[in-house]
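Please read the following report with the sequence and the three-dimensional view side by side.

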Amino acid sequence: MTGSELARPTGSTGDEEMRVLLSSVPSDAHTWNLVFLQLALEQAGIRVWNLGACVPTASLLDAAGDWQPDAVVISTVNGHGYPDGRHLIGEFRARPPLRSIPIVIGGKLGIAGASDRHRIREMVRLGFDAVFPDDADFTELESFLRGLPATTARAMRSEGGPAC
């Protein structure tokens, strides 16, 4: 599956709007979390490209490179967010065009419950800009996204420059 074979972005069409690429880790087949996040982000006026569940890392990286989103949001509920996220962030940060794109992960990182808290620090150390545990509220994610500085891609879109 390549970026061009994935469903296209939905939500606001204003070029000045924030654009978020939404996906899950490759082993997570859950879709309800992605649909919920997509709808909540769109309701907040954010344009979303929901890649869906079980997206191979290479497809996610290609989509991020092609679309140049203002942020990437990874959601997971299967308890494999920590091992899969470690691999994903290594691949993501290894690509120079993606290094400046903020990327966050949230949901169920493991199956140990509260003792998973140490994993949050590790995920940030590895390159995630933020980690939202499964008990985080959506408003925390929205506040984080709203607090991001305007990206070069968004500035170019709002000035009528080439669309990504």
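Which residue in strand 4 is the bridge partner of threonine 76? The partner of threonine 76 is glycine 107. This is a predicted model, in which local features need pLDDT of at least 70 and side-chain atom pairs count only at pLDDT 80 or more, while totals for chains, interfaces and linings use all residues. Residues are numbered from 1 along each chain as its sequence is written, and side-chain values use heavy atoms, with hydrogens and water left out.

**The chain as a whole**

The secondary structure of the chain comes to six helices and five strands, where helices (H or I, at least four residues) and strands (E, at least two) are DSSP runs numbered from the N terminus. Read along the sequence, these elements follow the pattern β-α-β-α-β-α-β-α-β-α-α. Of the 164 residues in the chain, 48% are buried; buried means under 20% relative accessible area, exposed over 50%, and partly exposed in between, with a 1.4 Å probe and protein chains only. Contact means heavy atoms within 4.5 Å, and among contacts between residues at least 6 apart in sequence, 79% join residues at least 24 apart.

The five strands form an open sheet in the order 2-1-3-4-5, with parallel pairing; two strands pair if DSSP finds at least two bridges between them. Strand 2 (47-50) and strand 5 are the edge strands, each pairing on one side only. From one strand to the next, the twist averages 20°, and for such angles the axes are lines fitted to C-alpha atoms, for helices over the stretch in contact, with values from 0 to 180 degrees between N-to-C directions.

Strand 3 is joined to strand 1 by five bridges, and five bridges also join strand 3 to strand 4. Six of the six residues of strand 3 are buried, so strand 3 is largely enclosed by the rest of the structure.

Helix 2 (residues 57-67) lies across strand 1, strand 2 and strand 3, running at about 175° to strand 1. Its buried residues are Thr57, Ser59, Leu60, Leu61, Ala63, Ala64 and Trp67, and what covers them includes strand 1, strand 2, strand 3 and helix 3. Helix 2 is followed by glutamine 68, whose phi is positive, near 50°.

Helix 5 lies across strand 1, strand 3, strand 4 and strand 5, running at about 170° to strand 5. In helix 5 (residues 138-146), Phe138, Leu141 and Leu145 are buried. Seen down the axis of helix 5, these buried residues fall within an arc of 65°, so they line one face of the helix; the arc is that of the directions from the helix axis to the C-beta atoms. They pack against strand 1 (19-24), helix 1 (32-43), strand 3 (71-76), strand 4 (103-107) and strand 5 (130-133).

**Two loop positions**

Serine 100 is found in the loop between helix 3 and strand 4, and at 64% relative accessibility it counts as exposed. Glycine 110 has its place in the loop between strand 4 and helix 4 (117-126), and at 4% relative accessibility it counts as buried. Leaving aside neighbours within four places in sequence, glycine 110 is in contact with Gly79, Asp116 and Arg119. The table gives the separation of two residue pairs.

| Residue pair | Apart in sequence | C-alpha to C-alpha |
|---|---|---|
| Serine 100 and aspartate 70 | 30 residues | 9.4 Å |
| Glycine 110 and glycine 79 | 31 residues | 4.1 Å |
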